[in-house]
Amino acid sequence: MTGDETWTTASATARTPATTARPERPGAPARAWRTRLLVVGIVLAALNLRPAITSFGALLEEVRDGLGMSGSVAGLLTSLPALCFAVLGVTAPRLARRFGPGAVVCAGMAAIAAGLLVRPFVGSTAAFLLASGLALGGIAVSNVLMPVIVKRWFPDRVGSMTGLYSMALALGTASAAAVTVPVTDALGGDWQAGLAVWAALAAAAVLPWLAFVRDRGGASASGEGAPAPRQGGGRPEERPAGQTPVLRITRSRTAWALAVFFGLQATAAYISMGWMAQIFRDAGVPAGRAGLLLAVTMVMGVPLAFVIPHLAARLPRQGPIVLVLGVSGLLGYAGLYFAPAAGAWAWAVLVGIANCAFPLALTMVGMRARTGAGVAQLSAFAQSTGYLISIPGPLLVGVLYQHSGGWGLPIALMAGLMVPQMIVGVVAGRDRTVEDEAAA
């Protein structure tokens, strides 16, 4: 049974008035149950897509001391997520076609659990990098497949499901930032145990996806078939089921703009996740409060990650949202530069609003293609290329921090990158599709 059949039955049941409802087919309750289980799986998967990063950021100083890391090596570690996402994320569509998206996401959650459990206890920087890479590889393939799964299984609810997924992702990000230091303190100050506890959440996420491991086949895996209804004022034309366009995705200006936008927002996000707490700590803020400030930055994505996709899906162009988020980032970075401790809570909120460019980018991935196959190609291209673009950012921040002895130059870099992010975001937000621009 495919996820497409699951959602068709569930949504048709929801739209049929009670007074005229037809008798359900014998398999309808089972299909509805599987749909609900899939939603649970998406939420649990999303919760696990950032704790590997923000838990490390909250304990960066302790990990550096424990493993004897320099600032430059720590910068490399904060760049590792983007490297893994760029290199491994591009393999996700191919793996999904072969094994099915459910199996790939299930394996991804298992890899996250194993990596998080092992990395605190390996005893060397190199092994810590390798174990982190295992967890980040699981995150990478799941990152790419989430928009594909949403588009294919929930075609008429792309905005709401992307919002739910993004909200769960932001909640997991913020939770790891907020509670890692208190949990570490409760465990006697053992940073290794404080990092390892997040493996339990990833292990729990494996369970619902076990029910979808056997759901293979090209339609579910690659998103082929009849395209879903467009949201946000797009053109209504569709291809018949089974006829999908052959896309040369690199010919699409929209795809390139979305990839660069994705890369620049990822740069800002991973700099924030890896270094924000350290910026506050160096300004004299206690470690526990610095972790809470990082959590505030991340938790802003919980409500906004649900609101922004809804709003974006109803607008033909997403440029105005891009500009509002960009201005928030510029104000937040200005505050970090001039008065990091005095206005710490305000700067954390503003940077958190700016980081909500991530759910906006995910929503635009679903809106800039008409077919599930187009979304799969666009998601893989935009995320892999985007994460490749974002690799130097966190590393460069670490180098600038170590060699300049302060945060002035790194913060100036962060603010400077916000300007091109706003420009390409406006271009990516135009009412166009990659099928129009890149069909062979």
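Trp256 is partly exposed, at 39% relative accessibility, where buried stands for under 20% relative accessible area, exposed for over 50% and partly exposed for what lies in between (1.4 Å probe, protein chains only). This is a predicted model, in which local features need pLDDT of at least 70 and side-chain atom pairs count only at pLDDT 80 or more, while totals for chains, interfaces and linings use all residues. Residues are numbered from 1 along each chain as its sequence is written, and side-chain values rest on heavy atoms, with hydrogens and water left out.

Trp256 and Phe381 form an edge-to-face pair, with 5.0 Å from centre to centre and 90° between the planes. Because Trp256 lies in helix H13 and Phe381 in helix H19, this pair ties together parts that are 125 residues apart in sequence. Phe381, at 12% relative accessibility, counts as buried. Elsewhere, ring pairs link Phe262, Tyr270, Phe358 and Tyr387 into a cluster.

The protein chain as a whole holds 22 helices and zero strands, both being DSSP runs numbered from the N terminus (helices H or I, at least four residues; strands E, at least two). Of the 440 residues in the chain, 59% are buried. Among contacts (heavy atoms within 4.5 Å) between residues at least 6 apart in sequence, 84% join residues at least 24 apart.

Charged side chains also link parts of the chain, and a search of the whole structure finds three salt bridges, each defined as a side-chain nitrogen of Lys or Arg within 4 Å of a carboxyl oxygen of Asp or Glu. In one of them, Glu62 and Arg281 meet at 3.5 Å, N to O. Glu62 belongs to helix H4 (residues 60-67) and Arg281 to helix H13 (residues 253-282), so this pair ties together parts that are 219 residues apart in sequence. Glu62 is partly exposed, with a relative accessible area of 27%, whereas Arg281 is buried, at 18%.

A salt bridge also joins Arg370 and Asp436, whose closest N and O atoms are 3.0 Å apart. Since Arg370 lies in the loop between helix H18 (357-367) and helix H19 (372-390), and Asp436 in helix H22 (residues 434-438), the pair ties together parts that are 66 residues apart in sequence. Arg370 counts as buried at 10% relative accessibility, while Asp436 is partly exposed at 38%. Arg432 and Glu437 form a salt bridge as well, with 3.9 Å between the closest N and O atoms; Arg432 is partly exposed at 36%, and Glu437 is partly exposed at 23%.

Leu83, Val87 and Leu88 form a nonpolar surface patch with about 220 Å² of accessible area together. Val87 is placed in helix H5 (residues 71-89) and is partly exposed, with a relative accessible area of 47%.

Note on methods. Patches are made of residues with over 30% relative accessible area and no salt bridge: like charges are joined within 9 Å, nonpolar side chains (Val, Leu, Ile, Met, Phe, Trp, Tyr) within 5 Å. Accessible areas come from the Shrake-Rupley method with a 1.4 Å probe; for residues, only the protein chains shown count as cover. Rings of Phe, Tyr and Trp (its six-membered ring) pair if their centres lie within 6.5 Å; planes under 30 degrees apart count as stacked, over 60 as edge-to-face and the rest as tilted.
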